[in-house]
Number of protein chains: 2
Amino acid sequence: MSKKDVVLAIDIGGTNTVAGVVDREGTILSRFSMPTIGTRPFDDFMKRFLNHWESLTKDSFSDFALIGIGAGAPNANFYNGRIENPPNLKWGVVPFVEEFTRQFQVPVLITNDANAAALGEKLFGVAKGREHFIEVTLGTGLGSGIVSNGQVVYGHDGAAGELGHIIVRPNGRVCGCGNRGCLETYASATGLVRTMLELLSEDNQPSDLREVPPSQMTSRMVYDAAKKGDPLARQAFEITADILGQGLATAVALFSPDLIVLFGGLAKAADLLVKPAREAMNQYCFGPFKNKVDIQVSTLPESDAAILGSAALIWNHLAGN
Amino acid sequence: MSKKDVVLAIDIGGTNTVAGVVDREGTILSRFSMPTIGTRPFDDFMKRFLNHWESLTKDSFSDFALIGIGAGAPNANFYNGRIENPPNLKWGVVPFVEEFTRQFQVPVLITNDANAAALGEKLFGVAKGREHFIEVTLGTGLGSGIVSNGQVVYGHDGAAGELGHIIVRPNGRVCGCGNRGCLETYASATGLVRTMLELLSEDNQPSDLREVPPSQMTSRMVYDAAKKGDPLARQAFEITADILGQGLATAVALFSPDLIVLFGGLAKAADLLVKPAREAMNQYCFGPFKNKVDIQVSTLPESDAAILGSAALIWNHLAGN
């Protein structure tokens, strides 16, 4: 019997690294997870990764042929195959593709997690077959992967697609990147919380969230309060959706996609966020684009999306794209 | 003797249409100009165009072989070859490529003027050989053509690249497009004049421009005043450069180009506009992009640039790109 072609898909996060064996249809056949431990050198990561891989494949891998590896990681550079000084991993510059190619002797590709997510959506998700779309991940920050003409927009150095860091409010909120008024300081889980805190300071309507210390307030709490009718929490969502819509309209003016895919915790707030963001986007859009861009929420399970993105990166390459 | 391959390059403007015979090296071998007259139907335009073409080629064209036609026009759609309801031409929808193919029996392509300008810069100008750059035309409005991965970014419908209509000041100035706060209401010749008028209203410093009726004030007057040391005119340039820098930083965050080419009258204001815009762009840029993007002013003569852009569109295609 001939072996089944599979790829190894890896998602390196600040806290955990997950890996899966994925077939051409996007079925995750097996997987493992391990702590990334970014405080230790990359060699330590590699050693532990190979141990996990050996355990995984020892018994059950005889039916499969590994034909490629795809990975997503913060600050990963598609062009040179390196992970370059990610803020939350003390690895410096890691020649990831080189190391994994040497160990596994198959084609290896890496990109940042947002780009991988977009490719996952294109191969296995709601953007299947789409040539012009933007995937926006609304998490702690705002990540984006942009597909134009069927290809991920990498730019000259592999660093393109930073929708979270376009300035939507000149002299606005301080961003972790050092600038002010970046989209992700408003349109993200932390942005929503910051807006809630701002409203609590500006307005004196009652709100249960006045009992929560700022450091402990979460987007989930704002969501629950809004669902219960808390007027300030509802207003926080309105403002977040409005600014998200403005940011999406900017991306639309430049790329003219026919689809925007929203992913991440906040994207589940259909009525409170997605619907008003769609309206705001159409309001802020340049005329010819109004009401022509679809917004859909990703249907990939959050636990699988990162692995499927990394898998798509390498399957896409193996298919000659 | 074998004939020399040439293309016909056409630039359709709101007022005038210019056309030229251009060789592979970008030499304009001959040209003509005629009024567009957008109040009459397209058939009238076509008839007059063919008359001009006949006069041009009657005597001197025996050495040349016409192998293609490229055109730039407002609201031109690269994908379907149509000019679609341009605001300043009462033509409705014109199947331009179809009409010209029928008349000339050679490959015909059309795109909007901003995209053509970018291609002209890539083939014949300061962006020669560049794969990731943005051309920004600072005229009455702000036009942009974006090249990513060596290709013009057209988007799903051919309408991408509208940097002039990203919103940089929420609830800001009314734009001709119906929105508020679009980049071109600040960073353009008319934007500069509007900023000057705003400063004249806000500040009470003396200025020669207080003698000029708003309807007659031009960007040239603001430039001349600034050069003579008028403090408000200088401030108008500072504000314009700052907002232009913010807009460019937005484009950089999304496309990560290694070059921005500025074109048009305002781009000649090196010290007053280009230098401070570069500084502002680097200030507003997301960290990884700071000081990595070159800004150059186009060196193509303004009288030739549109023709060369249209020529580049078709030469690029004939070369298999």
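This is a predicted model: local features need pLDDT of at least 70, side-chain atom pairs count only at pLDDT 80 or more; totals for chains, interfaces and linings use all residues.
Residues are numbered from 1 along each chain as its sequence is written, chains are lettered from A and ligands numbered from 1 in the order in which they are written, and side-chain values use heavy atoms, with hydrogens and water left out.

## The contact between the chains

Chain A gives 40 residues to the contact, and chain B gives 40 residues. Contact means heavy atoms within 4.5 Å. The buried area is about 3200 Å². Carbon and sulfur atoms give 59% of that area. Buried area here is the accessible area (1.4 Å probe) that two parts lose on being put together, summed over both. In chain A, the residues that lose the most area to chain B are His156(A), Leu254(A) and Phe286(A), together 22% of what that side buries.

Between chain A and chain B there are 19 residue pairs in polar contact, both residues at pLDDT 80 or more. A polar contact is a pair of N or O atoms within 3.5 Å; within protein, one must be able to donate a hydrogen and the other to accept it, and residues adjacent in sequence count only if both atoms are side-chain atoms. The count of salt bridges between chain A and chain B is zero. A salt bridge is a side-chain nitrogen of Lys or Arg within 4 Å of a carboxyl oxygen of Asp or Glu.

Four elements of chain A each supply at least two residues of the side that touches chain B: strand E10 (142–148), strand E11 (151–152), helix H6 (231–255) and helix H7 (270–284). Helices (H or I, at least four residues) and strands (E, at least two) are DSSP runs, numbered from the N terminus. H6(A) provides the largest share of this side, six residues. By type, the side of chain A that touches chain B holds 22 nonpolar, 13 polar and five charged residues. Ala, Val, Leu, Ile, Met, Phe, Trp, Tyr, Cys and Pro count as nonpolar; Asp, Glu, Lys and Arg count as charged; the others, Gly among them, count as polar.

## Symmetry

Chain A superposes on chain B by a rotation of 180 degrees with 0.0 Å of shift along its axis (RMSD 0.0 Å). That is the relation of a two-fold axis. Copies are superposed by least squares on the C-alpha atoms of residues with pLDDT of at least 70 in both. Of the residues of chain A, Val168(A) comes closest to the rotation axis, its C-alpha at 3.3 Å. The copies meet through the same surface, because 100% of the interface residues of chain A are also interface residues in chain B.

## Salt bridges

Over all chains, the structure holds 25 salt bridges.

| Pair | N to O distance |
|---|---|
| Lys4(B) and Asp23(B) | 3.1 Å |
| Arg48(B) and Asp44(B) | 2.9 Å |
| Glu279(B) and Lys275(B) | 3.9 Å |

Lys4(B) sits in strand E1 (residues 4–12), and Asp23(B) in the loop between strand E2 (16–22) and strand E3 (28–35), 19 residues apart. Lys4(B) is partly exposed at 37% relative accessibility, whereas Asp23(B) is buried at 3%. Buried means under 20% relative accessible area, exposed over 50%, partly exposed in between (1.4 Å probe, protein chains only).

Arg48(B) and Asp44(B) are four residues apart in helix H1 (residues 42–60) of chain B, so about one helical turn separates them. Arg48(B) is buried at 17%; Asp44(B) is partly exposed at 22%.

Glu279(B) and Lys275(B) lie four residues apart in helix H7 (residues 270–284) of chain B, about one turn of the helix. Both are partly exposed, Glu279(B) at 49% and Lys275(B) at 46%. In chain A, salt bridges that share partners join Arg40(A), Asp44(A) and Arg48(A) into one network.

## Single residues

Ser144(B) belongs to strand E10 (residues 142–148) of chain B. Ser144(B) is buried, at 4% relative accessibility. Its side chain reaches the backbone oxygen of Gly161(B) at 2.5 Å. A polar atom of that side chain also lies 3.2 Å from the backbone nitrogen of Leu163(B).

Ile37(A) has phi near 50 degrees, a positive value in a residue other than glycine. Ile37(A) is in the loop between strand E3 (28–35) and helix H1 (42–60) of chain A. Asn291(A), also not a glycine, has a positive phi of about 60 degrees. Asn291(A) is exposed, at 63% relative accessibility.
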